[in-house]
Amino acid sequence: MKPTYIVNESKRKVTYKIRKIGKKKKLHEISTLCGIQTCAIIYGPNETKTKLWPSHSEVQRVINKFNAMSEIDQRKNMFTQESFLKKNFKKVRDQLKKARDENKKNEIELFMFQCLGVGSIINKGDTIDMNYLL
């Protein structure tokens, strides 16, 4: 289901509150499981103050550590939505090519075993494109 803007204001506020709690939980989990430092700055239009997680001092520490890194190190694992999609698209395209190559290899092996079993090229009404085998 594609996310769409929630028109009903009360439903939108409830969803925001629930999702905010969920994001904090996920950040805590990834921090604990992977031993990484995480923080969040959450600003909601109906809130008087920006919410910082886990605390103001921890957010400041993570941001300072990030800012102290060289620009190359900062950008090493950053993605724009476009670059993220391009990378994943290339990965999927490579997986598809690998699967096609594996299928071709298996079809050639099957064809060869069928030929060996009969002693000649089998053609039971199926057309065999010999160029495909190359």
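Where is the place of Leu52? Leu52 sits in strand S2. Before following it further, some ground rules. This is a predicted model, in which local features need pLDDT of at least 70, side-chain atom pairs count only at pLDDT 80 or more, and totals for chains, interfaces and linings use all residues. Residues are numbered from 1 along each chain as its sequence is written, and side-chain values use heavy atoms, with hydrogens and water left out.

Start with the overall layout. The protein chain has four helices and two strands. Read from the N terminus, the order is α-β-β-α-α-α. Helices (H or I, at least four residues) and strands (E, at least two) are DSSP runs, numbered from the N terminus. The chain has 134 residues, and 10% of them count as buried. Buried means under 20% relative accessible area, exposed over 50%, and partly exposed in between (1.4 Å probe, protein chains only). The accessible surface comes to about 12100 Å², with 59% belonging to carbon and sulfur atoms. That area comes from the Shrake-Rupley method with a 1.4 Å probe.

Now look at contacts, meaning heavy atoms within 4.5 Å. Take those between residues at least 6 apart in sequence: 29% join residues at least 24 apart.

Return to Leu52. Leu52 is partly exposed, at a relative accessible area of 29%. Leaving aside residues up to four places away in sequence, Leu52 touches Ala40, Ile41 and Val59. Leu52 and Ile41 are eleven residues apart in sequence, yet their C-alpha atoms are 4.8 Å apart.

A cis peptide bond joins Trp53 and Pro54, with omega about 0°. Most peptide bonds are trans. Pro54 lies in the loop between strand S2 (51-53) and helix H2 (56-68).

Helix H1 (residues 9-34) holds Lys20. Is Lys20 buried or exposed? Lys20 is buried, because its relative accessible area is 14%. Lys20 touches Ile42, Glu47 and Lys51, again not counting residues up to four places away in sequence.

The largest pocket holds about 300 Å³ of space. A pocket here is an open set of points on a 1 Å grid over the protein atoms alone, where a 1.4 Å probe fits, with protein on both sides within 12 Å along at least five of seven lines. Its lining residues, which have an atom within 4 Å of a point, include Met1, Tyr5, Arg12 and Arg19. By class, the lining has five nonpolar, two polar and three charged residues. Ala, Val, Leu, Ile, Met, Phe, Trp, Tyr, Cys and Pro count as nonpolar, Asp, Glu, Lys and Arg as charged, and the others as polar.

Finally, residues 82-109 carry the annotation "coiled-coil region" in an unreviewed UniProt entry. Such annotations may be inferred rather than shown by experiment. In the model, residues 82-109 are 100% helix and 0% strand, with the end C-alpha atoms 40 Å apart.

Notes: Points joined across faces, edges and corners; volume = space filled by probe spheres on them.
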